[in-house]
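Biologist: Let us go through some labels in this model. I want each one set against its definition.

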Amino acid sequence: YGIASIFRKQFLKNPNNKLKLIFLSFLAFAIVIVVADVNGKIEVSDHQYGNYLLFFTGAAAGILFIISLSRLLVLYRVNSLFLEYVGRNSLIVFGFHLLAGSFIKAITLYLFKIPLSIYELCYIQIIYSILSISILIPFIFILNKYFPFLIGKTRIMK
């Protein structure tokens with residue numbers, strides 16, 4: 001959170017330099033990919049971070065990537081209702097993404113007989129993340145419409 005705040009302050013100094021943001025996005029993404037490959041598998045739930053320096057470098061690069069990409073979306077006036085919806089409901093996503101992920105892995109293993117080792121591939125992990133969030137959309141809708149008090153909302157969202 002603190003690193004993101006520092007990066008944000010740097011972006012506020014020159015927020016409209018699109019070329020700089022594009023370069024930073026690609027550079028940060030490349031660093032994330034390289035660090036992830038070198039550092040190996042990370043399991044935060046099991047306190048397995050690999051090399052701490054690489055872990056924090058990858059985390060900082062990931063934060064920089066997300067901030068610069070978000071800024072680019074604003075500068076290029078990209079209107080994504082899906083991203084806004086997920087952003088507004090990120091607490092629900094954070095709370096239930098492991099359940100959705102376990103559901104996807106169960107289907108993969110028991111229904112399609114595909115070994116779970118497939119989830120070690122980078123592009124499969126991206127698909128897995130998108131599917132996990134997509135599975136939660138009906139759940140988010142139901143919580144917001146019928147049970148807003150369960151997520152700390154006092155009124156029913158439209």
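Modeller: His47 first: the residue is exposed, with a relative accessible area of 60%. Some ground rules: this is a predicted model, where local features need pLDDT of at least 70, side-chain atom pairs count only at pLDDT 80 or more, and totals for chains, interfaces and linings use all residues. Residues are numbered from 1 along each chain as its sequence is written, and side-chain values use heavy atoms, with hydrogens and water left out.

Biologist: Why is His47 called exposed?

Modeller: Exposed means over 50% relative accessible area, buried under 20%, partly exposed in between (1.4 Å probe, protein chains only). His47 has 60%, so the label exposed applies. His47 sits in the loop between H2 and H3. Its phi is near 60 degrees, a positive value in a residue other than glycine.

Biologist: What makes Arg77 exposed?

Modeller: Its relative accessible area is 75%, so Arg77 counts as exposed. Arg77 is in the loop between H3 and helix H4 (81-88). Helices here are DSSP runs (H or I, at least four residues), numbered from the N terminus. Arg77 also has a positive phi, about 55 degrees, although it is not a glycine.

Biologist: Why is Ser25 called buried?

Modeller: Its relative accessible area is 5%, so Ser25 is buried. Ser25 belongs to helix H2 (residues 18-39).

Biologist: Which residues is Ser25 in contact with, leaving aside its neighbours within four places in sequence?

Modeller: Phe65, Ser68, Leu69 and Leu72. Contact means heavy atoms within 4.5 Å.

Biologist: What makes the Ser25 and Ser68 side chains a polar contact?

Modeller: A polar contact is a pair of N or O atoms within 3.5 Å; within protein, one must be able to donate a hydrogen and the other to accept it, and residues adjacent in sequence count only if both atoms are side-chain atoms. The two side chains make theirs at 2.9 Å. Ser68 lies in helix H3 (residues 52-75). At 0% relative accessibility, Ser68 is therefore buried. A polar atom of its side chain also lies 3.1 Å from the backbone oxygen of Phe65.

Biologist: How do you know that the span of helix H6 agrees with its residue count?

Modeller: The expected span is 1.5 Å times one less than the number of residues. H6 (residues 122-146) has 25 residues and should span 36 Å; its end C-alpha atoms are 37 Å apart, so the two agree.

Biologist: Where does H6 bend?

Modeller: At Ile137, by about 35 degrees, and Pro138 follows within four residues. The bend is the angle between axes fitted to the seven residues ending there and the seven starting there.

Definitions and conventions
Helices (H or I, at least four residues) and strands (E, at least two) are DSSP runs, numbered from the N terminus.
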